[in-house]
Amino acid sequence: MKVVNHIREIRLKNGITQVKMAQDLKITRQTVNAIEKNKYNPSLELALKLIRYFNVPIEEMFYLEGYEEE
Amino acid sequence: MKKKRLERLTMGIILIGMIIGGFIGLSIAGVTINFSIAAAIIGAPLIGFFISYSLSKWRKKRMGTIPEADERTALMLKRYFLGVLYFVLFGSGAALLVLYAMGIQTIETGMLIVCMMILYLVIGIGTLIAAKL
């Protein structure tokens with residue numbers, strides 16, 4: 001089952017650029033792009049950092065495909 | 001600060017190693033070392049170092065504190081080297097079988113060195129590409 005995320009929407013809502021996010025989270029801009037396009041699933045460590053960075057609950061950021069409504 | 005010192009030390013050792021290696025290589029080959037050859041042996045690594053140093057400074061200025069590699073880079077390189085391992089392992093075996101089937105009984109070591117150099121070059125370029133994807 002594919003993991004999907006709402007990082008792009010959350011990032012744009014907060015007015016943060018990919019470069020700023022990459023600098024703050026100490027990751028490359030390519031990784032930010034790959035995560036946002038659901039081409040790469042971040043490690044648990046990075047996922048937890050993302051949640052803390054945007055201050056949102058995990059279910060708001062990541063969900064399994066087909067389970068979004070729940 | 002400690003990391004920076006270690007980086008400088010490593011770079012210095014590599015540079016000195018390259019220069020010494022150049023002189024050793026030429027003396028083994030029996031080449032008489034004159035001023036222009038010595039200048040090339042000493043100058044080439046220094047110029048190479050200066051170019052790479054300037055590029056890294058330019059990158060730092062342009063990209064700020066964004067790191068060059070992260071967990072995804074490590075994963076991509078891991079996958080790439082796994083592919084390279086099987087390619088080299090089975091590829092060299094297949095190449096040997098093909099050569100044997102063609103009737104070639106011996107391989108000149110000089111030719112083997114050239115083949116390995118090309119292989120290393122291709123793997124190196126591939127590594128750079130895999131790291132930047």
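The model is predicted, so local features need pLDDT of at least 70 and side-chain atom pairs count only at pLDDT 80 or more, while totals for chains, interfaces and linings use all residues. Residues are numbered from 1 along each chain as its sequence is written, with chains lettered from A and ligands numbered from 1 in the order in which they are written.

**A helix pair in chain B**

- Helix α1 (residues 2–29) of chain B packs against helix α2 (residues 35–63) of chain B at an angle of about 155°, and their axes are 10 Å apart. Helices here are DSSP runs (H or I, at least four residues), numbered from the N terminus, and axes are lines fitted to C-alpha atoms over the stretch in contact, with angles from 0 to 180 degrees between N-to-C directions.
- That angle makes α1(B) roughly antiparallel to α2(B) (the cut-off is over 145 degrees).
- α1(B) crosses α2(B) in a right-handed way, where right-handed means that the near helix is turned clockwise from the far one by less than a right angle.
- Among the residues that meet are Leu15(B) and Phe23(B) from α1(B), and Ile41(B) and Pro45(B) from α2(B). Being in contact means having C-beta atoms, placed from the backbone, within 7 Å.
- By class, this contact has eleven nonpolar, one polar and no charged residues. Ala, Val, Leu, Ile, Met, Phe, Trp, Tyr, Cys and Pro count as nonpolar, Asp, Glu, Lys and Arg as charged, and the others, Gly among them, as polar.

**A helix pair in chain A**

- Helix α2 (residues 18–25) of chain A and helix α3 (residues 29–36) of chain A have axes that come within 8 Å and cross at roughly 110°.
- This makes α2(A) roughly perpendicular to α3(A) (65 to 115 degrees).
- Gln18(A), Val19(A), Met21(A) and Ala22(A) of α2(A) make the contact with Arg29(A), Val32(A) and Asn33(A) of α3(A).
- Those residues divide into four nonpolar, two polar and one charged.

**Where the chains touch**

- Chain A gives twelve residues to the contact and chain B gives eight.
- On the side of chain A, α2 and α3 are the elements that give two or more residues.
- That side divides into six nonpolar, four polar and two charged residues.

**A look at Ala130(B)**

- Ala130(B) sits in helix α4 (residues 109–132) of chain B.
- Ala130(B) counts as partly exposed because it has 17 C-beta neighbours inside 10 Å (buried takes 20 or more, exposed 12 or fewer, and partly exposed lies in between).
- Leaving aside neighbours within four places in sequence, Ala130(B) is in contact with Met76(B), Leu77(B) and Tyr80(B).

Conventions: Angles under 35 degrees count as roughly parallel, over 145 as roughly antiparallel, 65 to 115 as roughly perpendicular and the rest as oblique. Two residues are in contact if their C-beta atoms, placed from the backbone, lie within 7 Å.
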